[in-house]
Amino acid sequence: MHPEKIKQVIQLPAQQRYDYCVRKVADTQEVWGLYHDGWATAQVGGKVAIPFWPEAAFAQACASGDWADFQPRAITLDDFLSQWLPGMASNGQLASVFPVPQGSASIAAPDDLLRDLQHESEQYE
């Protein structure tokens, strides 16, 4: 991915990055997390939030600080919709959608992200 595109997308407001992420994930059929002896997590309002990105380059841009040893790892959209999001919902976890190095992420309930991804995926059928 061109560095200028990365820079432009990272500078979008959180809601626009969320929308971009949903569209891109539905299109490519994969979502990205950061992994190193387990998946990267963050704390949001006393709950565990798992960060997800639409492309490896964006995940790599956040692999610093507490996540310095983490590497981008793909999750198929099928697994994400059928296992990850339902499991996160039952565990009381949240999805941190498209965090960036400087700025905030959109925090979504797994059920909301599931609905948005299913709705967007229907546009590709």
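Reply: A search of the whole structure finds zero disulfides, a disulfide being a pair of cysteine sulfur atoms within 2.5 Å. The model is a predicted one, in which local features need pLDDT of at least 70 and side-chain atom pairs count only at pLDDT 80 or more, while totals for chains, interfaces and linings use all residues. Residues are numbered from 1 along each chain as its sequence is written, and side-chain values use heavy atoms, with hydrogens and water left out.

Buried means under 20% relative accessible area, exposed over 50% and partly exposed in between, with a 1.4 Å probe and protein chains only.

Cysteine 62 is found in the loop between H3 and strand S4 (71-76); helices (H or I, at least four residues) and strands (E, at least two) are DSSP runs, numbered from the N terminus. Leaving aside residues up to four places away in sequence, cysteine 62 touches Leu34, Trp53, Trp67, Pro99, Val100 and Pro101, where contact means heavy atoms within 4.5 Å. Aspartate 78, by contrast, is 16 residues from cysteine 62 along the chain, with 24 Å between their C-alpha atoms.

The largest nonpolar core has 35 residues, of which Trp53, Phe98, Leu113 and Leu117 touch the most other members. Such a core is a set of buried Ala, Val, Leu, Ile, Met, Phe, Trp, Tyr and Cys residues joined through side-chain atoms within 4.5 Å. Among the elements that give two or more residues to this core are helix H2 (14-28), strand S3 (47-52), helix H3 (56-61) and helix H5 (110-122). Not counting residues up to four places away in sequence, leucine 113 touches Tyr18, Val22, Phe80, Leu85, Ala95, Val97 and Ala108.
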